[in-house]
Amino acid sequence: MKIEKNINPQFSMAKNLVNDYFEKDTVKLDYTKGSGYLQPIVSPYLTSYVVKRNGRLNKCTSVLSQDTVLQNYVFDTEEDTQELEDFWNKYNKYQFYLATKERYQYGWGCCEILIEDNLPKRLAQFPAKTACIKKENEDLYYAVQRNIQGAEKKLRLMNRLDTYPDEDEKLPICLWLGGGATHEFYDLPAWYPDVDKILAKINLDMLNGEQINNGNTLDGVLLITGPPQRPDDKGVSPEENLRQQLKNAGTGSMVAYFETIDDEVPLNVDYTKISNDNWSYLEAFSESCDKALMSDYSIPKVRLMIDDVTESMNSNKSDTIWEIYTISLNYEQYSNELLIEEFNNLFFDIDCPVEMETPIFTDKEQISLDNINKLFDKGLLTLGQAISALKLIKKDLDLDKVDVNAPCMNERFYNGNLLGIEDNSEPLMDWLKGFDLK
């Protein structure tokens, strides 16, 4: 649908605002050829502009970072892992979360590793907008942080410590998050393919705010044609009096009175409606932008506390969505798990796999319970196997005292009937009633 001409110029404000933001920014880095600074895939100043003005983008990156990073870390080793537990699960998880959130927004995230007595004490996240990678020569790369005054701070990259000369030994170390198939150090932010939609939505929100500040939007024009009208005793013309009454009623109508020369011409009133179809289109466009961002980060609407989907009682659509979302989280965690393993090996001299747990949603737990129940009810799981599976999920049930190696635990049941026996054993069935498997 074509947008009215009087709306198009206001949408062009987005580009001007971005340019103004770039001009006012005080921590720019020199990405010109020969400077040594590696150009990010997406300008950090564009990202900063978008993140500050798009609440849905900020919410999506926050939620994804929470679900991937702010979880429990499990270290699979027989060695003493108390140092690892304290460092990751107790003290530094939030700083790692902040850097991960900016990685999803900018394409990279940064933390300085603070060392004391040759051991890492904590992580200190610093803004991605103030940092970049600088190439000194073919094999030598540094992370550079610039403050508001323009002063630079060089940091060694954790995964390249063996490449630095001896004189750099006292330089701080940077935990750099970013890089992949597209670039060695920078990611392509998931939101960037929809950048045109995002900028348009930002400007649409500004336009809506402007309309609200200016009062009611114009719905139509009331055109009155007739002979000259005398003002009342207070000196107010009939036209002005009518306009004030309509304004007080909040109709959003404009009044125009055209006087005729002939006093004998009768009064004529016409109303011309101004189409608001463009606003219907823009409202749908704004909603499509929000959906595009949620799709970019593979986040269900309900995870953002948006519960506007009606689902029948027998539907398992929500459960399927949570399963797909969990698979997506596992993929997102993989690069972070490798980074943590490298960190532990380098600074704690502990070489062990790490598993970042995912949130357990109620629906996800219910899927597992339903599956166990169905498999047991169809004779595909023995009683002992079903109880062993329940132990892993329902830790609040006192199932540890149940001997899963007892002879009766090898029995299978089909639709509540013991396979091969018509008359069920009453003591055994009474014992089973203590477990809510249906």
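Trainee: In which sense do β4 and strand β5 pair?

Mentor: This is a predicted model, in which local features need pLDDT of at least 70, side-chain atom pairs count only at pLDDT 80 or more, and totals for chains, interfaces and linings use all residues. Residues are numbered from 1 along each chain as its sequence is written, and side-chain values use heavy atoms, with hydrogens and water left out. Strands are DSSP runs of E with at least two residues, helices runs of H or I with at least four, numbered from the N terminus, and two strands pair if DSSP finds at least two bridges between them. Over 5 bridges, β4 and β5 (residues 141-146) pair in the sense called antiparallel.

Trainee: Is Leu188 buried, exposed or partly exposed?

Mentor: Leu188 is placed in the loop between β7 and α7 (195-213). Buried means under 20% relative accessible area and exposed over 50%, with partly exposed in between (1.4 Å probe, protein chains only). Because its relative accessibility is 40%, Leu188 counts as partly exposed.

Trainee: How many of the 10 residues of helix α3 are buried?

Mentor: The buried residues of α3 include Pro44, Tyr45 and Leu46. Helix α3 (residues 44-53) is largely enclosed by the rest of the structure, because the buried residues number 8 of the 10.
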